[in-house]
Amino acid sequence: MVKFLMLPSIYVANTKEMGRGIYTSKPIMANTEIERSPVIVLSKKEREEVEKTLLYYYIFEWGPKSLQCCIGLGFISVYNHSYKSNCEYEMHFDEQTISINTIRAIKAGEELFLNYNGNWN
(Lines give C-alpha, C1' and ligand atoms only; values in the text may rest on other atoms or scores of the structure.)
Protein backbone atom coordinates (compact mmCIF):
# COMPACT_ATOMS: atom_id res chain seq x y z
CA MET A 1 0.00 0.00 0.00
CA VAL A 2 1.29 3.45 -0.95
CA LYS A 3 1.09 6.05 1.81
CA PHE A 4 0.33 9.66 1.02
CA LEU A 5 1.42 12.46 3.33
CA MET A 6 1.03 16.20 3.71
CA LEU A 7 2.15 18.03 6.82
CA PRO A 8 -0.77 20.03 8.21
CA SER A 9 1.47 23.11 8.55
CA ILE A 10 2.02 23.60 4.81
CA TYR A 11 -0.34 25.77 2.80
CA VAL A 12 -0.72 27.65 -0.51
CA ALA A 13 -0.52 31.45 -0.49
CA ASN A 14 0.12 34.24 -2.96
CA THR A 15 3.71 35.38 -3.49
CA LYS A 16 4.95 38.82 -4.47
CA GLU A 17 6.61 37.71 -7.71
CA MET A 18 5.66 34.13 -8.59
CA GLY A 19 1.88 33.86 -8.32
CA ARG A 20 1.27 31.21 -5.69
CA GLY A 21 3.69 29.22 -3.58
CA ILE A 22 3.90 26.78 -0.68
CA TYR A 23 4.59 28.02 2.84
CA THR A 24 4.75 26.56 6.33
CA SER A 25 2.99 27.91 9.41
CA LYS A 26 5.37 26.04 11.75
CA PRO A 27 9.12 25.38 11.79
CA ILE A 28 10.19 22.16 10.05
CA MET A 29 13.39 20.27 10.81
CA ALA A 30 15.94 19.40 8.11
CA ASN A 31 15.49 16.06 6.35
CA THR A 32 11.73 15.95 6.95
CA GLU A 33 9.36 14.49 4.39
CA ILE A 34 6.67 17.15 4.15
CA GLU A 35 4.59 15.76 1.30
CA ARG A 36 4.18 12.54 -0.66
CA SER A 37 1.47 12.76 -3.28
CA PRO A 38 0.32 10.74 -6.29
CA VAL A 39 1.01 11.81 -9.85
CA ILE A 40 -0.86 11.43 -13.11
CA VAL A 41 1.56 9.93 -15.63
CA LEU A 42 1.16 11.00 -19.26
CA SER A 43 2.51 9.19 -22.31
CA LYS A 44 5.07 10.69 -24.68
CA LYS A 45 2.27 11.64 -27.09
CA GLU A 46 0.17 13.20 -24.30
CA ARG A 47 3.24 15.09 -23.11
CA GLU A 48 3.67 16.63 -26.56
CA GLU A 49 0.10 17.93 -26.39
CA VAL A 50 0.44 19.24 -22.81
CA GLU A 51 3.62 21.12 -23.77
CA LYS A 52 1.43 23.30 -26.01
CA THR A 53 -0.67 24.45 -23.05
CA LEU A 54 -0.32 26.35 -19.78
CA LEU A 55 0.00 22.98 -18.00
CA TYR A 56 3.53 22.78 -19.45
CA TYR A 57 4.71 24.92 -16.51
CA TYR A 58 3.37 22.38 -13.99
CA ILE A 59 4.68 19.07 -15.30
CA PHE A 60 7.68 16.99 -14.24
CA GLU A 61 9.70 14.80 -16.57
CA TRP A 62 8.94 11.17 -15.73
CA GLY A 63 10.42 7.75 -16.28
CA PRO A 64 13.95 6.41 -16.66
CA LYS A 65 14.46 8.19 -20.00
CA SER A 66 12.23 11.20 -19.20
CA LEU A 67 10.09 10.54 -22.28
CA GLN A 68 6.90 10.76 -20.27
CA CYS A 69 5.78 13.46 -17.91
CA CYS A 70 3.54 13.67 -14.89
CA ILE A 71 1.33 16.15 -13.15
CA GLY A 72 1.76 16.13 -9.41
CA LEU A 73 -1.36 16.13 -7.30
CA GLY A 74 -1.53 17.59 -3.81
CA PHE A 75 0.68 20.69 -3.73
CA ILE A 76 3.46 19.07 -5.81
CA SER A 77 3.07 21.27 -8.90
CA VAL A 78 2.75 24.53 -6.91
CA TYR A 79 6.22 24.66 -5.28
CA ASN A 80 8.25 27.47 -6.85
CA HIS A 81 11.77 27.16 -8.22
CA SER A 82 14.97 28.49 -6.67
CA TYR A 83 18.59 27.57 -7.33
CA LYS A 84 19.00 28.02 -3.55
CA SER A 85 16.16 25.65 -2.73
CA ASN A 86 15.30 24.57 0.80
CA CYS A 87 13.57 21.35 -0.31
CA GLU A 88 14.20 18.57 -2.80
CA TYR A 89 11.88 16.21 -4.62
CA GLU A 90 12.21 12.49 -5.09
CA MET A 91 10.36 10.51 -7.73
CA HIS A 92 9.04 7.07 -6.88
CA PHE A 93 8.30 5.55 -10.29
CA ASP A 94 6.95 2.24 -8.98
CA GLU A 95 4.52 4.01 -6.62
CA GLN A 96 3.70 6.81 -9.07
CA THR A 97 4.36 9.38 -6.34
CA ILE A 98 6.65 12.34 -5.71
CA SER A 99 7.89 13.21 -2.24
CA ILE A 100 9.11 16.59 -1.04
CA ASN A 101 11.80 16.68 1.67
CA THR A 102 13.45 19.59 3.46
CA ILE A 103 17.20 19.88 2.98
CA ARG A 104 17.66 22.35 5.84
CA ALA A 105 15.62 23.65 8.77
CA ILE A 106 12.70 25.83 7.65
CA LYS A 107 11.30 28.75 9.68
CA ALA A 108 7.59 29.39 10.23
CA GLY A 109 6.25 31.62 7.45
CA GLU A 110 9.04 30.69 5.03
CA GLU A 111 8.26 29.76 1.44
CA LEU A 112 9.32 26.25 0.38
CA PHE A 113 11.31 26.05 -2.86
CA LEU A 114 12.49 23.28 -5.18
CA ASN A 115 15.33 23.38 -7.67
CA TYR A 116 13.52 22.16 -10.78
CA ASN A 117 16.85 21.12 -12.31
CA GLY A 118 17.25 18.40 -9.69
CA ASN A 119 20.54 19.78 -8.33
CA TRP A 120 20.41 20.53 -4.63
CA ASN A 121 22.62 22.63 -2.39
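Start with the whole chain and its contacts, where contact means heavy atoms within 4.5 Å. Among contacts between residues at least 6 apart in sequence, 67% join residues at least 24 apart. Before you click further, note that this is a predicted model, in which local features need pLDDT of at least 70, side-chain atom pairs count only at pLDDT 80 or more, and totals for chains, interfaces and linings use all residues. Residues are numbered from 1 along each chain as its sequence is written, and side-chain values use heavy atoms, with hydrogens and water left out.

**The whole chain**

Switch to a cartoon view. The protein chain has 1 helix and 10 strands; helices (H or I, at least four residues) and strands (E, at least two) are DSSP runs, numbered from the N terminus. Read from that end, the order is β-β-β-β-α-β-β-β-β-β-β. The radius of gyration is 14 Å, close to the 14 Å that the globule rule gives for 121 residues, so the chain is as compact as a globular protein of that length. That radius is taken over C-alpha atoms, and the globule rule is 2.2 Å times the number of residues to the power 0.38. Along the principal axes, the C-alpha atoms fill a box of roughly 40 × 35 × 25 Å.

Now try a surface view. The protein chain exposes about 7600 Å², and carbon and sulfur atoms supply 54% of it. Accessible areas come from the Shrake-Rupley method with a 1.4 Å probe; for residues, only the protein chains shown count as cover. Of the 121 residues, 41% are buried, where buried means under 20% relative accessible area, exposed over 50%, and partly exposed in between (1.4 Å probe, protein chains only).

**First stop: Tyr 11**

Select Tyr 11, which sits in strand E2. Which residues does Tyr 11 contact, leaving aside its neighbours within four places in sequence? They are Gly 21, Ile 22, Tyr 23, Thr 24, Ser 25 and Phe 75. Show the C-alpha atoms of Tyr 11 and Phe 75 as well: they are 8.3 Å apart in space and 64 residues apart in sequence.

**Second stop: aromatic pairs**

A pair of aromatic rings is described by the distance of the centres and the angle of the planes. Rings of Phe, Tyr and Trp (its six-membered ring) pair if their centres lie within 6.5 Å; planes under 30 degrees apart count as stacked, over 60 as edge-to-face and the rest as tilted. The count by this rule is 4 aromatic pairs. One of them is Tyr 11 with Tyr 23, a stacked pair at 5.9 Å centre to centre with 25 degrees between the planes. This pair links distant parts of the chain, with Tyr 11 in strand E2 (residues 10-14) and Tyr 23 in strand E3, 12 residues apart. Buried or partly exposed? Tyr 11 is partly exposed at 33% relative accessibility, and Tyr 23 is buried at 13%.

Next, select Phe 60 and Tyr 89, an edge-to-face pair with 5.4 Å between centres and 70 degrees between the planes. Phe 60 lies in strand E5 and Tyr 89 in strand E8 (residues 87-92), 29 residues apart, so this pair too links distant parts of the chain. Phe 60 is buried at 9% relative accessibility, and Tyr 89 is buried at 12%.

Cys 87 has Thr 102 in E9 as its bridge partner. This hairpin has 4 residues between the strands, and Gln 96 takes a positive phi near 55 degrees.

Move to helix H1 (residues 44-50) and pick Arg 47. Arg 47 is buried, with a relative accessible area of 12%. Its side chain reaches the backbone oxygen of Gln 68 at 3.0 Å. Not counting residues up to four places away in sequence, Arg 47 touches Leu 42, Glu 61, Ser 66, Leu 67, Gln 68 and Cys 69.

**Last stop: two loop residues**

Ser 66 is in the loop between strand E5 (59-62) and strand E6 (68-72). Ser 66 has a positive phi near 60 degrees and is partly exposed, at 30%. Finish at Asn 31, in the loop between strand E3 (20-24) and strand E4 (33-42). Phi of Asn 31 is also positive, near 60 degrees, and Asn 31 is exposed at 67% relative accessibility.

Key: Pairing = 2+ DSSP bridges. Polar contact = N/O pair within 3.5 Å; in protein donor to acceptor, adjacent residues only side chain to side chain.
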